[in-house]
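Here is a short briefing on one protein chain. Look at the structure first, then read the points below.

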Amino acid sequence: MAYRAASVLAAGASKYGTLWGRGYETFKNRRILSVSGVGEHATTYLQGLVTADLNSEPSAPREEVMDSVHALNAKSNGMDPGDVAPEDEEEEVPVKFTKKLRAATFLDHRGRILTDALLWKRNPEGAESTTTEYLIDVPDDTGDLLLAHLKQHKLRRSKIKLVDKTEEITSHAVYGTLNAEGAPPGYLAGMDPRHPSLGMRILSVGTNILDTTEGESERVKRQQHFETLMNNFFPSTPGTYSVLRKLAGIAEGTEIASRTALECNQDFLNAISFSKGCYLGQELTARSQFTGVVRKRIVPVMIVDTEMEVPKPWVMASMIQELGTDEGMDKIFGLTGEDGEKKTLELKGYIPPPLPKISAPGAGSIVSMMMGSVASPDHNPQDDSEELNRLRVQGEKLQQEVADLAHPGASIVDKKDSRTIGKILSTPAPGTTVILAQMRLDRLGLLGSEHKWSRTNKILIGDSDKEYRFLPFLPLWWPDIDPATGKEKEVVVEE
């Protein structure tokens with residue numbers, strides 16, 4: 001059953017967009033691996049194995065620019081162009097990121113991803129200690145692979161210590177807040193370095209927690225202590241991260257294993273340094289960045305029935321791809337009057353992207369309306385019960401169909417020419433038909449000019465012969481894409 005839109009209401013405004021609703025969860029599918037050593041030994045060891053530069057401070061995530069055209073049109077449902085104006089800007093909520101937490105990926109000797117990870121850096125014995133420890137928070141499905149990889153590259157005389165601390169340290173997340181400062185004693189806290197909409201990441205590390213909590217094991221004691229601490233401020237929302245990261249377009253663990261870092265958007269997520277020294281797998285990553293063309297990337301894709309009405313953001317995107325920016329904007333907003341003169345649409349120099357740019361909460365709201373969880377803003381209250389029931393039944397049937405077909409590795413085939421245009425990487429986000437897929441950028445209208453994405457597309461999934469429609473969208477943390485390279489478009493600063 002589709003979740004309620006109330007669970008994805010905005011929880012604050014910042015230069016990073018709207019946030020998910022308030023809540024917390026304890027991860028049961030994460031591994032915590034420890035690499036420690038005196039002085040710089042741990043840093044030197046990991047510096048040769050990760051894509052991030054551990055000798056420099058992590059960069060803050062890219063600030064978002066709201067997609068004014070799509071957001072306004074989705075809300076207004078056909079507003080006259082004279083009434084269209086930028087929304088009043090809310091007061092920004094400052095976001096502080098800790099220097100002790102960063103995103104990174106580990107590559108094999110071919111330059112293919114072993115796993116993504118979050119790296120915490122700390123002095124476990126106190127600020128005066130000369131010991132440095134990295135706590136590697138990694139998806140459970142790639143934990144054993146990473147541990148074996150770390151052991152393989154640990155020299156016999158290396159002055160580092162490798163330990164699996166999964167049973168000693170617990171990992172948590174808190175949603176709907178931008179304040180990660182002032183963590184209680186025994187906890188490490190920081191906003192997710194990939195993007196703050198993914199929540200605040202927390203590790204329970206202090207021994208003081210074990211002394212004050214009853215439980216059968218260390219993990220149980222830490223989980224109970226965290227839950228007791230959080231229940232006074234946030235509701236428990238287990239499973240939120242699984243939905244949130246897929247709506248935000250972020251794949252992880254085995255979903256990205258054996259793929260290249262750029263195809264998995266690690267360059268957009270601050271997980272790669274292109275200026276650091278040598279590291280394992282660097283050659284392919286550097287070559288892709290400086291000389292190659294990125295032809296495939298991971299994007300979130302909503303699967304819908306061909307009989308469903310296509311939501312307005314995708315209608316607009318299709319028009320812009322088909323007609324071009326000027327003619328598309330003219331047709332969308334009716335800028336040409338009866339006298340033939342063009343009206344001016346003031347949108348702060350905004351150029352619409354070729355696909356909708358949508359936040360995770362925004363995508364959640366659209367899914368909820370399409371699946372009948374909530375009524376659309378322009379619904380007729382008198383038709384509410386009958387229409388919503390029809391949508392719910394239709395939505396639940398579609399969710400089950402997509403869940404049965406959308407297995408990792410299944411192909412997405414364009415019915416028009418029977419060509420495979422993508423591979424499914426994840427099962428649908430719970431309660432939705434949104435999947436993560438590695439898609440050919442040219443078939444999304446993002447690379448070259450031969451193909452355009454159309455709102456009337458028809459696809460086949462896996463071995464099924466039933467036709468569906470795919471609605472891809474771009475997370476707000478994506479930069480503008482260069483249609484010649486499939487990489488971030490370079491900004492030319494005029495002197």
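In this predicted model, nine of the nine residues of strand S5 (residues 131-139) are buried, so the strand is largely enclosed by the rest of the structure. A residue counts as buried when its relative accessible area is under 20%.

**Strands paired with S5**

- Strand S2 (residues 30-38) runs antiparallel to S5, and nine bridges join the two.
- Within this pairing, Ile32 has Asp137 of S5 as its bridge partner.
- Strand S4 (residues 113-122) is also antiparallel to S5, with five bridges between them.
- Arg122 stands opposite Glu133 in S5.

**Nonpolar cores**

- In soluble globular proteins, nonpolar side chains tend to be buried together.
- The largest nonpolar core here has 58 residues.
- The members of that core that touch the most other members are Met302, Ile303, Trp314, Met439 and Phe470.
- Leaving aside neighbours within four places in sequence, Met439 is in contact with residues including Arg295, Val301, Ile412, Leu444 and Phe470.

**The chain as a whole**

- The chain contains 11 helices and 15 strands.
- It has 495 residues, and 54% of them count as buried.
- Of the contacts in the chain with a separation of 6 or more, 71% are between residues 24 or more positions apart.

Notes:
Residues are numbered from 1 along each chain as its sequence is written. This is a predicted model: local features need pLDDT of at least 70, side-chain atom pairs count only at pLDDT 80 or more; totals for chains, interfaces and linings use all residues. Side-chain values use heavy atoms; hydrogens and water are left out. A nonpolar core is a set of buried Ala, Val, Leu, Ile, Met, Phe, Trp, Tyr and Cys residues joined through side-chain atoms within 4.5 Å. Buried means under 20% relative accessible area, exposed over 50%, partly exposed in between (1.4 Å probe, protein chains only). Contact means heavy atoms within 4.5 Å. Helices (H or I, at least four residues) and strands (E, at least two) are DSSP runs, numbered from the N terminus. Two strands pair if DSSP finds at least two bridges between them.
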